[in-house]
Amino acid sequence: TVAGRARAGEVQEKSPLCFFGFIYAARGERSKIDPQILRLRPEEVIIPELAYWLGSLYAVLGDSPQALTWLRRAIQLGNENYPWFQRDQNLERLRNHPEFIRLLDQVRTQWEKNRQLLAAAA
């Protein structure tokens, strides 16, 4: 579909910028991150993976409010990959944040429901 192609294009276009952004963020070089990435707004992004990557990027930067906003958007768009949220090292700075703990619980609950539905269907 056209929407599917647009979504794939969005991820292909932005993912290299995000990954370079991770490198710069880890080095503490926020100014080198492509401004195109930092200007994105959650309502503009419709790909759960891209929203998650942006949440992770902001977490590495130490910007918890932005990281949480993007992670909420990723969940809203359907990213319910609890194991990934649970072990992603990029999210370490958020682990003790009350809002992150709530988000993680929300994702875990949905993950478990989905596992039960799949088991019942099998």
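Q: How do the axes of H4 and H6 cross, and within what distance do they come?
A: In this predicted model, the axes of H4 and H6 come within 11 Å and cross at roughly 10 degrees; axes here are lines fitted to C-alpha atoms, for helices over the stretch in contact, with angles running from 0 to 180 degrees between N-to-C directions. Helices are DSSP runs of H or I with at least four residues, numbered from the N terminus.

Q: So are they roughly parallel or roughly antiparallel?
A: H4 and H6 are roughly parallel to each other, because angles under 35 degrees count as roughly parallel and those over 145 as roughly antiparallel, with 65 to 115 roughly perpendicular and the rest oblique.

Q: Which residues meet there?
A: Leu68, Leu71, Arg72 and Ile75 in H4 meet Glu99, Phe100, Leu103, Gln106 and Val107 in H6, where contact means heavy atoms within 4.5 Å.

Q: Switching to H3, how many of its residues are buried?
A: Twelve of the 14 residues of H3 are buried, so this helix is largely enclosed by the rest of the structure; buried means under 20% relative accessible area, exposed over 50% and partly exposed in between, with a 1.4 Å probe and protein chains only. Among the buried ones are Pro48, Tyr52, Gly55 and Leu61.

Q: And what comes just after H3?
A: Glycine 62, which takes a positive phi of about 85 degrees.

Q: What do the numbers rest on?
A: Residues are numbered from 1 along each chain as its sequence is written, and side-chain values use heavy atoms, leaving out hydrogens and water. Local features need pLDDT of at least 70 and side-chain atom pairs count only at pLDDT 80 or more, while totals for chains, interfaces and linings use all residues.

How values were computed
Helix = DSSP H or I, 4+ residues; strand = E, 2+ residues; numbered from the N terminus.
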